[in-house]
Each structure stands twice: as C-alpha cells, then as structure tokens.
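Hi everyone, thanks for coming. Today I'd like to walk you through one protein chain, a few spots at a time. Please have a look at it with me first.

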Amino acid sequence: MTADRVQYFRDRTEPMELIVCRDSGISYPLHNHVSVFTAGLVLDGAVTLTLGGRSATYGAGRAFVIPPYAPHTVQAAPVYTLLTLCVRKDAAHRLRGKALRDRVLGLLDAVPGLRLTQAQTAELARSVGLMNADPRLHFREPRLAAVERRLEVFPERPLSVEKMAQAAYLSKYHFIRSFQRTVGLTPHQFQIQNRVRKAQRLMEHVESTAEVALAAGFCDQSHFIRHFEKCVGLTPAVYRASRRPLAAEDAGQFSAGMNFANR
C-alpha cells in the first residue's frame with residue numbers, strides 16, 4: 001500500500017479524523033478502537049465486517065458504525081475504497097445530531113478531490129446519527145478496569161500478565177479469561193494495540209522511527225515495524241507519508257495528520 005492511496009485528515013478543534021483509503025486490499029485482524037466511534041462508508045468494492053459475533057458484507061454506497069471498544073475485524077472482498085470517520089466518544093456525545101453531522105460534512109468538504117454523491121452523503125450522515133443511538137456500551141468489570149486503563153494510558157510500561165492478575169485480585173488463568181471476555185482481546189494483544197496507537201501519536205512530533213519504537217515500549221525497531229504494519233496496514237514510513245496537508249484555500253480549520261489519544 002503506497003502513500004498516494006491513503007490519506008489522514010483531521011479537524012483541528014474537534015477530536016475527529018477522516019481516513020481516505022483508495023483501492024486497498026488491506027484486511028485488519030481482531031482489534032478495537034478505544035474511546036472512539038467509527039463510521040465507514042464503502043465507495044467502491046466491498047468489505048466484510050465481523051462485529052459482535054456476526055459478519056456482514058458492505059458494498060459500494062453502504063455504511064457501518066463501530067462503537068467504542070467493540071472488537072471487530074475487517075476483511076477486503078477483495079479490493080475496496082473506503083472512507084473511515086473516527087470521532088472520540090466525548091465529542092460525539094457533546095455535539096450530537098445536526099451539529100455533529102455539520103462538522104463531519106465540513107471535514108468532507110475540506111478534502112481535496114473528494115466528491116460524494118447525494119446518496120453517499122445521506123448514508124454517511126445516517127451512520128453518524130447512529131453514533132449516539134447505539135445502545136452497546138463498553139462494560140468495564142471493576143476488577144479489570146484499573147488494569148485496562150493502565151494499558152490504555154501507559155502501554156509502553158512493562159507489565160507482566162502475573163502482575164496484571166495480582167492487580168485484579170485474580171488468578172492468572174481467570175484474569176486472562178475475564179479480560180478477553182470483557183475487552184475482546186487478550187491482555188497482550190490489547191497492550192500491543194495501544195503501543196501502536198501511542199506510536200502513531202508520537203510520530204506527530206518525533207522523526208526517528210527507532211526513538212518512536214522505544215518510547216512506545218517496543219524492544220527494537222523491527223519488532224515495532226512488524227506490529228505497526230499488522231495493526232495499521234501500513235509501514236511506519238508509508239504512514240508518515242500519507243499525512244498530507246490540505247490546500248490553503250480548502251483547509252480552513254482543517255489539516256492533515258491527526259491521530260488523537262486513545263484511538
């Protein structure tokens with residue numbers, strides 16, 4: 001996947017991000033988006049989304065919504081062009097309704113070369129409206145909440161499964177089972193995912209890939225690159241190149257390249 005086929009755009013004043021992915025064959029393994037609502041609109045081709053134990057294939061013109069924390073996979077079927085909108089849940093709850101839809105449409109208008117049909121715009125607006133209507137909330141089991149939060153905020157810090165289990169006052173066996181049932185990922189998968197998310201944020205202001213890898217908690221650069229590509233679908237180098245600024249006359253309050261905390 002080359003940088004000219006994927007672009008990241010962000011709203012400077014609100015925690016929302018738009019990803020434009022063209023002619024992609026990337027599939028994403030099981031993961032979740034921490035504290036973020038995600039809406040996807042298929043522009044061409046198709047993707048198969050597995051969410052909540054159910055799989056559905058979305059073709060051109062169809063949109064889907066993924067609630068915060070919900071484990072899911074995305075499979076290419078076989079090639080697709082996709083708009084992905086990520087909105088942090090506090091912004092989705094605060095803006096709501098028309099204000100949220102208007103904000104999203106403003107972001108779409110700022111993307112150079114992106115022109116949606118009336119039907120596509122209506123479908124995306126419908127999915128945005130479902131962000132706050134979706135009743136599925138993330139249940140944080142009290143004994144696991146502190147461990148889960150630590151892995152979200154400080155994923156780079158070494159923390160063995162034994163220490164996690166002790167903090168949750170559970171045996172190692174019961175901790176792993178309880179964590180996977182609640183979060184949808186094993187503790188190790190969740191920690192690696194959050195290390196990659198932290199690396200994405202660090203790449204906003206740290207140029208050295210080796211420095212980013214170490215600061216995000218990876219033991220070496222090759223280990224970091226392998227997990228980054230598995231999680232993001234791009235190498236760190238291609239990811240950096242994909243964050244392109246908007247033209248001055250179109251940008252307004254928008255620019256390229258946001259990766260907000262706890263995605």
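**A walk through the chain**

Let's start with S35, which counts as buried because its relative accessibility is 10%; buried means under 20% relative accessible area, exposed means over 50%, and partly exposed is in between, using a 1.4 Å probe and protein chains only. Before going on, please note that this is a predicted model: local features need pLDDT of at least 70, side-chain atom pairs count only at pLDDT 80 or more, and totals for chains, interfaces and linings use all residues. Residues are numbered from 1 along each chain as its sequence is written, and side-chain values use heavy atoms, with hydrogens and water left out.

Back to S35. This residue sits in the loop between β3 (28-31) and β4 (36-51). When I say helix or strand, I mean DSSP runs numbered from the N terminus: H or I over at least four residues for helices, E over at least two for strands. For background, most residues other than glycine have a negative phi, and most peptide bonds are trans.

D23 is another such case: its phi is near 50 degrees, a positive value in a residue other than glycine. You can find D23 in strand β2 (residues 16-24), and with 42% relative accessibility D23 counts as partly exposed. Then there is the peptide bond between A77 and P78, which is cis, with omega at about -15 degrees. P78 belongs to strand β7 (residues 72-88).

Now let's zoom out. How many helices and strands does the chain have? There are 11 helices and 8 strands. Of the 263 residues in the chain, 53% are buried. The accessible surface of the chain comes to about 12,100 Å², and carbon and sulfur atoms account for 54% of that; these areas come from the Shrake-Rupley method with a 1.4 Å probe, and for residues only the protein chains shown count as cover. As for contacts, meaning heavy atoms within 4.5 Å, take those between residues at least 6 apart in sequence: 71% of them join residues at least 24 apart.

Next, two helices. Two packed helices are described by the angle between their axes and the distance between the axes. Here, the axes of helix α7 (residues 187-202) and helix α9 (residues 221-232) come within 10 Å and cross at roughly 95 degrees. That makes α7 roughly perpendicular to α9. The axes are lines fitted to C-alpha atoms, for helices over the stretch in contact, and the angles run from 0 to 180 degrees between N-to-C directions. Under 35 degrees counts as roughly parallel, over 145 as roughly antiparallel, 65 to 115 as roughly perpendicular, and the rest as oblique.

Which residues meet there? From α7 we have I192, V196, R197, A199 and Q200, and from α9 we have F224, H227, F228, C231 and V232. By type, the residues of this contact are 7 nonpolar, 2 polar and 1 charged. Nonpolar here covers Ala, Val, Leu, Ile, Met, Phe, Trp, Tyr, Cys and Pro; charged covers Asp, Glu, Lys and Arg; the others, Gly among them, are polar.

On to the aromatic rings. Rings of Phe, Tyr and Trp (its six-membered ring) pair if their centres lie within 6.5 Å; planes under 30 degrees apart are stacked, over 60 edge-to-face, and the rest tilted. By this rule there are 7 aromatic pairs. One of them is Y8 with Y239, edge-to-face, at 4.9 Å centre to centre and 75 degrees between the planes. This pair links distant parts of the chain, with Y8 in strand β1 (residues 6-11) and Y239 in helix α10 (residues 236-241), 231 residues apart. Are these tyrosines buried or exposed? Y8 is buried at 4% relative accessible area, and Y239 is buried at 0%.

F224 and F228 have ring centres 5.5 Å apart and planes at 65 degrees, so this pair is edge-to-face too. They are 4 residues apart in helix α9, which means about one helical turn separates them. Both F224 and F228 are buried.

A241 is partly exposed, at 40% relative accessible area. A241 and V6 are 235 residues apart in sequence, and 9.2 Å apart in space, C-alpha to C-alpha.
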